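Me: I would like a close look at a single part of this protein, with the terms spelled out as you go. Here is the model.

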Amino acid sequence: MSLISLEETITIALSVKDRHESAKWYESMLGFEAIYHADEAGWSELATRTAGVTLGLGEHTKPAPGNCVPVFGIADLDTSRQKLEQAGVTFDGETDVVEGMVKTATFFDPDGNALMLAEDLTKAS
């Protein structure tokens with residue numbers, strides 16, 4: 001039994017120089033399909049060929065090649081974060097919120113690998 005309950009989704013987040021160009025590459029080379037481009041947030045998402053798995057492209061002026069962050073979907077980020085913190089899990093700062101879009105929090109495994117939780121705010125009633 002796990003401490004928190006993840007949804008059946010995962011987004012693999014990569015940092016890239018140009019999200020739109022990268023999206024075209026993933027579409028033509030791997031057959032992925034663009035879901036959306038959130039230009040105001042510097043973020044794009046593509047559907048992969050695997051159910052529940054998306055590729056997220058975060059635009060950065062100096063991307064960090066090889067820096068891949070698994071982003072796990074979760075229904076209640078605040079409660080889950082609290083449970084993980086109480087269990088000694090370290091988070092990288094405060095929870096980030098893009099109003100009406102997403103709430104995210106980055107945390108680390110025992111070896112310092114970055115992982116992220118994301119609550120989809122577009123599903124909120």
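Which residues do ring pairs link into a cluster?

Reply: Ring pairs link Trp25, Tyr26 and Phe32 into a cluster, where rings of Phe, Tyr and Trp (its six-membered ring) pair if their centres lie within 6.5 Å. The model is a predicted one, in which local features need pLDDT of at least 70 and side-chain atom pairs count only at pLDDT 80 or more, while totals for chains, interfaces and linings use all residues. Residues are numbered from 1 along each chain as its sequence is written, and side-chain values use heavy atoms, with hydrogens and water left out.

A search of the whole structure finds three aromatic pairs. One of them joins Trp25 and Tyr26 edge-to-face, at 4.9 Å centre to centre and with 85° between the planes; planes over 60 degrees apart count as edge-to-face, those under 30 as stacked and the rest as tilted. Tyr26 counts as buried because its relative accessibility is 17%, whereas Trp25, at 44%, counts as partly exposed; buried means under 20% relative accessible area, exposed over 50%, and partly exposed in between (1.4 Å probe, protein chains only).

Trp25 lies in helix α1, residues 19-30, helices being DSSP runs (H or I) of at least four residues, numbered from the N terminus. Together with Met29 and Leu30, Trp25 also makes a nonpolar surface patch of about 330 Å². Such patches are made of residues with over 30% relative accessible area and no salt bridge, nonpolar side chains (Val, Leu, Ile, Met, Phe, Trp, Tyr) being joined within 5 Å and like charges within 9 Å; a salt bridge is a side-chain nitrogen of Lys or Arg within 4 Å of a carboxyl oxygen of Asp or Glu. Accessible areas come from the Shrake-Rupley method with a 1.4 Å probe, and for residues only the protein chains shown count as cover.

Notes. Helices (H or I, at least four residues) and strands (E, at least two) are DSSP runs, numbered from the N terminus.
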